[in-house]
Amino acid sequence: MKKQQQGFTLIELMIVVAIIGILAAVALPAYQDYTKRAKVSEIMVLASKDKVSVSEYYMSVGSMPTSAQSGVSDDAGQSEYITAIAFTTNPTGAVLTYTVDSTKIAAGDVVFAGSGSGTGVQWTCTESTLESKYLPANCR
């Protein structure tokens, strides 16, 4: 009578362990990038209230606000992922700059440039110095 095989052979177990190792080597860096992108999304939410404040002032008065008039708080304690917030105006509009905490995400800034027109303020974030893989698609 022939003996039936009991359990797995060593080679089968080694193949399974190798497959799990390969999957982990690919998945862990992707997961880390994903978590950093989620942290950047918090900065985007913070920026949205500041952009609305500047846009409302522009629509009410017809010119870009000064830093004091803008309603933008420069308190970096609003988010644990930023170290500084700056609001400046220039001849073409306004600039909101959020300096990212390099120990929690990566080194760089998320920059929103607003230009005023008769229909309101148009915001772009293409001048950001943060690695593009962490930014939302509309900022790349």
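Lys49 is partly exposed, at 40% relative accessible area (buried is under 20%, exposed over 50%, and partly exposed in between, with a 1.4 Å probe and protein chains only). Its partner in a salt bridge is Asp50, with the closest N and O atoms 2.9 Å apart. A salt bridge here is a side-chain nitrogen of Lys or Arg within 4 Å of a carboxyl oxygen of Asp or Glu. Asp50 is buried, with a relative accessible area of 1%.

The model is predicted, so local features need pLDDT of at least 70 and side-chain atom pairs count only at pLDDT 80 or more, while totals for chains, interfaces and linings use all residues. Residues are numbered from 1 along each chain as its sequence is written, and side-chain values use heavy atoms, without hydrogens or water.

The count of salt bridges comes to four. One of them joins the side chains of Lys133 and Asp33, at 3.8 Å from N to O. This pair links distant parts of the chain, 100 residues apart: Lys133 lies in the segment after β4 (120–124), and Asp33 lies in helix α1. Helices (H or I, at least four residues) and strands (E, at least two) are DSSP runs, numbered from the N terminus. Lys133 is partly exposed at 39% relative accessibility. Asp33 is partly exposed as well, at 26%. Asp33, Glu131 and Lys133 are linked in a network of salt bridges.

Another salt bridge is formed by the side chains of Glu80 and Lys104, at 3.6 Å from N to O. Glu80 sits in the loop between α1 and β1 (82–90) and Lys104 in the loop between β2 and β3, so the pair ties together parts 24 residues apart in sequence. Lys104 is partly exposed, at 32% relative accessibility.

Asp101 lies in the loop between β2 (93–100) and β3 (109–117). Asp101 is buried yet has no salt bridge; Lys104, the nearest side chain of opposite charge, is 4.3 Å away. Lys and Arg count as positive and Asp and Glu as negative; His and the chain ends are not counted. Beyond four places away in sequence, Asp101 touches Glu80, Tyr81, Ile82, Thr83 and Ala106 (contact means heavy atoms within 4.5 Å).

Helix α1 spans residues 10–61 and contains Ile15. Ile15 is partly exposed, at 48% relative accessibility. Leu10, Ile11, Met14, Ile15, Ile19 and Leu23 form a nonpolar surface patch, with about 630 Å² of accessible area together. Patches are made of residues with over 30% relative accessible area and no salt bridge; like charges are joined within 9 Å, nonpolar side chains (Val, Leu, Ile, Met, Phe, Trp, Tyr) within 5 Å. Accessible areas come from the Shrake-Rupley method with a 1.4 Å probe; for residues, only the protein chains shown count as cover.
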